[in-house]
Amino acid sequence: MKREKYGPFIAAGVTAFCVVTAAILLFFLIFNAASVRAFFTTLSHILRPIFMGMILAFLLLPIQRHILQFMLAMTPNQKLKNKNDVRFLSIISIVLSLLVAFILLYLLLAMVIPQVYDSIVGLVMAFPEYIESAQVWLLTFLEDNPEIQSAIMPIYNSAATSLEQWLSSDILPNLESVSSTLDWLRATVLPNITGVVSGVSAILLAALLLIKDLLIAIIVSVYLLVRKDTFAAQSKKIVYSIFRTDHADLIVSETREAYRIMSGFINGKLLDSLIIGIICLACCNLFHFPYPALVATIIGVTNVIPFFGPFIGAIPCILLIFIIDPIQSIYFAIFVLVLQQFDGNILGPKILGESTGLASFWVLFSIILFGGLFGFAGMVLGVPVFAMIYSIIRRLVCYGLRRHKLPTETEVYMGRTGPMSLQNGHKE
């Protein structure tokens with residue numbers, strides 16, 4: 001009886017306490033924003049291996065699942081009844097997925113890095129010829145304007161001479177071989193950039209920390225892949241213990257949909273970019289565009305960015321080819337446009353399908369918004385993150401409309417709809 005009598009007052013007191021606590025916390029966060037930001041920066045640095053392991057496990061999960069499904073299909077049914085045998089197959093599939101990832105990464109780097117290095121060295125060594133060609137082109141362009149020519153050419157000649165001397169005396173001798181390049185970087189570049197001893201030590205320490213974080217990330221990814229089902233079950237227990245059953249069902253369903261969108265988009269986009277890079281490399285060699293490996297690498301990497309990626313990668317490549325051959329730069333621009341149309345209308349939809357469910361406007365909006373907030377990472381992840389938010393809002397709106405016994409189709413609400421209550425037979 002006492003509990004029923006004082007229950008409303010206890011609830012009001014708890015509510016007031018929560019409101020006051022939230023106000024104090026908000027006040028503290030506003031007036032100590034720098035300290036809070038520094039705390040989260042330190043926390044993110046400490047947990048960086050965990051985040052890297054989560055990303056690695058996220059990328060490896062589709063490979064591991066396909067390998068596990070294949071191994072289960074090849075295993076006799078009587079052995080599948082033993083949980084230890086299934087667990088052993090799961091561990092083997094994780095090891096094989098890591099091995100496949102390492103082999104693919106090694107093959108990719110082994111093919112790309114030497115060719116990119118040769119392309120950069122060739123570009124630097126041929127730079128004096130490009131300067132001379134640009135000078136001839138500039139003289140031809142300005143021959144009808146002697147006043148402009150007399151004002152511009154001394155500045156151009158001075159800059160070109162200085163750049164050519166720097167390349168011929170400092171850069172070219174040190175790019176003749178990989179060993180001379182490494183010796184030059186270690187002896188000259190690093191001390192000038194970072195300060196002789198302390199800078200080199202800092203770089204070595206950062207490299208060791210990165211290697212340490214990568215090793216921990218691999219271990220974390222293995223743990224996550226081994227115990228993913230347990231972690232998922234524990235998360236469901238927490239959700240169902242806090243929320244009402246129907247609300248918990250909605251949260252679990254939205255989480256699955258969010259994972260489907262995120263994994264489908266990221267894995268599909270990586271595969272799409274790899275295929276586009278390979279096609280670009282083959283076509284650059286076929287059409288004899290200069291520095292095919294370097295150009296294909298730039299196009300493939302920037303293609304990860306939705307919508308703007310092909311154009312972001314095409315601009316430096318066109319400028320690079322323009323220095324060598326202006327006519328070929330026009331052909332390359334046409335080729336990139338055709339390649340982008342092929343990717344956007346044929347290859348991309350085949351690989352990605354309807355993984356995001358976003359209209360073109362929302363794709364553009366999400367790239368601009370998240371790219372402005374988080375830079376390159378925001379441009380890459382902005383589309384799937386916004387697609388997750390969009391999906392949640394859409395399903396909540398449809399849920400509310402169904403509760404009010406209203407149609408969920410967008411076409412119904414186009415134009416002048418009139419009072420919806422009268423259309424559904426409700427009277428005011």
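Predicted model: local features only at pLDDT ≥ 70, side-chain atom pairs only at ≥ 80, totals over all residues.
1. Residues are numbered from 1 along each chain as its sequence is written, and side-chain values use heavy atoms, with hydrogens and water left out.

2. How far can you trust the model? The pLDDT, which is the predictor's confidence in each residue from 0 to 100, averages 76 over the protein chain, and 76% of the residues score at least 70. Helix α10 (residues 228-242) has the highest confidence, at 88, and helix α8 (residues 178-194) the lowest, at a mean of 53.

3. Now for the overall picture: the protein chain has 16 helices and 0 strands. Helices (H or I, at least four residues) and strands (E, at least two) are DSSP runs, numbered from the N terminus. Of the 428 residues, 28% are buried; buried means under 20% relative accessible area, exposed over 50%, and partly exposed in between (1.4 Å probe, protein chains only). Among contacts (heavy atoms within 4.5 Å) between residues at least 6 apart in sequence, 62% join residues at least 24 apart.

4. Back to Q328, which sits in helix α14 (residues 326-352). Q328 counts as buried because its relative accessible area is 18%. Apart from neighbours within four places in sequence, Q328 is in contact with F287, H288, F289, P290 and I321.

5. Two of those partners deserve a look of their own. F287 belongs to the loop between α11 (245-286) and α12 (292-302), and H288 is in the loop between α11 and α12. F287 is partly exposed, at 42% relative accessibility, whereas H288 is exposed, with a relative accessible area of 62%. F287 and Q328 are 41 residues apart in sequence, with their C-alpha atoms 9.2 Å apart in space. Neighbours within four places aside, F287 is in contact with Q328 and F335.

6. H288 has a backbone detail worth checking: its phi is near 60°, a positive value in a residue other than glycine. For background, most residues other than glycine have a negative phi.

7. Where is the largest cavity? I276, I299, N303, P310, V336, L339, Q340 and D343 line it, and α14 gives the most to this lining, with 4 residues. By class, the lining divides into 5 nonpolar, 2 polar and 1 charged; Ala, Val, Leu, Ile, Met, Phe, Trp, Tyr, Cys and Pro count as nonpolar, Asp, Glu, Lys and Arg as charged, and the others, Gly among them, as polar.

8. Finally, take a look at P49, in helix α3 (residues 48-73). P49 is buried, with a relative accessible area of 6%. Leaving aside neighbours within four places in sequence, P49 is in contact with D213, I216 and A217. P49 and K212 are 163 residues apart in sequence and 8.4 Å apart in space, C-alpha to C-alpha.

Conventions:
1 Å grid on protein atoms, 1.4 Å probe; cavity = no way out; pocket = protein on both sides within 12 Å on 5 of 7 lines; lining within 4 Å.
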